[in-house]
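Please look over the sequence and the model shown below before reading the briefing, which treats a few elements in turn.

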Amino acid sequence: MRTEADHAFGPAMEIWEGHASDSEIRYRASSGGILTALALYCLEHENMNFVLHTGINEDRPWENKTVKSSTRDELVARTGSRYAPASPCEGLAAIEESDSPCVFIGKPCDASAVSMLRRDRPKLDRNLGLVLTFFCAGTPSTQGTLDLAESLKVNPKLIDSVRYRGEGWPGRFRIVYDDKKREQSLSYSESWGELTHYRSLRCNLCPDGLGQLADISCGDAWENSTDSENPGLSLVVVRTEKGKRILQGAINANYVQLQPASASSVFAAQGNLLRRRTEIFGRLLGLRLFAIPFPQFSGFSLIRGWLRLPMGRKTRTILGTVKRVIVRRLYIRRFHVSR
């Protein structure tokens with residue numbers, strides 16, 4: 001029998017709350033550093049070859065690139081959120097060709113793609129030693145970062161690095177530029193508040209912000225973020241037996257420090273993300289009014305969540321989608337002819 005938590009954010013074998021034992025990883029990470037700590041544990045104790053994930057593009061620091069990390073130094077240098085488009089699935093061939101299992105870290109939609117692809121590719125399936133994901137509220141476009149830089153009077157040609165979070169919890173949006181001699185920053189709430197306007201429509205239709213198809217998914221334990229001195233806490237949702245086994249190994253080896261938590265912690269910490277999921281059915285209705293194609297979802301209890309919303313919120317959700325369709329002219333059909 002499915003529980004209310006199952007309907008809201010998918011089945012969970014275990015729920016924990018805590019942080020990386022390594023103080024540097026915890027400090028540099030977006031929240032508690034659990035994903036980085038688990039990846040490092042897999043490299044050092046599970047004999048995994050490398051971690052496939054996303055890092056900064058050094059040539060264009062406002063962009064991302066897919067990277068392979070095999071050491072602690074590489075993982076630490078690449079820790080932290082990257083609020084710009086990323087495509088770690090493009091590197092799956094490297095995992096498939098590896099001579100030993102590897103770790104994959106991506107968005108929930110990436111974990112979903114991996115889940116589908118591994119069904120048809122046995123070697124990839126065998127080499128996916130652990131699939132990790134993070135709670136996701138959508139990916140802003142690259143233009144969002146560039147516009148933030150412009151608001152801070154920073155010339156993109158002079159940018160040396162862009163950091164969206166971390167170095168504290170939740171940390172600040174920081175741009176280092178002019179040969180690392182100057183820096184501009186915004187608070188997390190200021191920067192994310194602006195970047196949310198650059199999310200695609202498809203992200204606003206995503207029902208899986210909490211990573212149901214990964215072995216383990218992690219995200220901010222926002223219900224404990226009132227203390228500005230708190231260096232970061234993560235919620236950890238274990239989805240599979242493999243995830244459970246590896247997490248227990250990381251606990252025993254002191255890579256992570258965790259306390260048992262419950263579904264109520266997830267509801268308290270990620271209320272905004274979970275409430276957004278209840279609106280998706282209404283957004284799909286708004287698209288249907290214009291005969292716009294939309295994705296088909298199964299297993300996400302979208303109607304159940306929608307029926308529980310107050311009528312006023314239902315109306316605002318549909319009208320908001322209609323407005324977005326009109327403003328963005330999404331009703332116009334665009335055809336691409338290949339030659």
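Leaving aside its neighbours within four places in sequence, with which residues is S100 in contact? They are N47, N49 and N127, where contact means heavy atoms within 4.5 Å. This is a predicted model, in which local features need pLDDT of at least 70 and side-chain atom pairs count only at pLDDT 80 or more, while totals for chains, interfaces and linings use all residues. Residues are numbered from 1 along each chain as its sequence is written, and side-chain values use heavy atoms, with hydrogens and water left out.

**S100 and its setting**
- S100 lies in the loop between α5 (92-97) and β4 (102-106), with helices (H or I, at least four residues) and strands (E, at least two) taken as DSSP runs numbered from the N terminus.
- S100 counts as buried because its relative accessibility is 16%; buried means under 20% relative accessible area, exposed over 50%, and partly exposed in between (1.4 Å probe, protein chains only).

- Strand β1 (residues 14-20) is largely enclosed by the rest of the structure, because 7 of its 7 residues are buried.
- β1 pairs with strand β10 (residues 234-238) in the antiparallel sense over 5 bridges, and I15 stands opposite V237 in β10; two strands pair if DSSP finds at least two bridges between them.
- β1 is also joined by 5 bridges to strand β11 (residues 256-260), in an antiparallel arrangement, in which E17 has Q259 of β11 as its bridge partner.
- β10 is mostly covered, with 5 of its 5 residues buried, and this holds for both faces, since S234, V236 and V238 are buried on one side and L235 and V237 on the other.
- Strand β9 (residues 216-220) runs antiparallel to β10 and is joined to β10 by 5 bridges, with V237 in β10 as the bridge partner of S217.

**Helix α6**
- In helix α6 (residues 108-117), the residues P108, D110, A111, V114 and S115 are buried.
- These residues lie on the same side of α6 because they cover an arc of only 155° around the axis, the arc being that of the directions from the helix axis to the C-beta atoms.
- The cover over the buried residues of α6 includes α5, β4 and β5 (128-134).

**The segment after α16**
- Y331 is found in the segment after α16 (311-327) and is partly exposed, with a relative accessible area of 37%.
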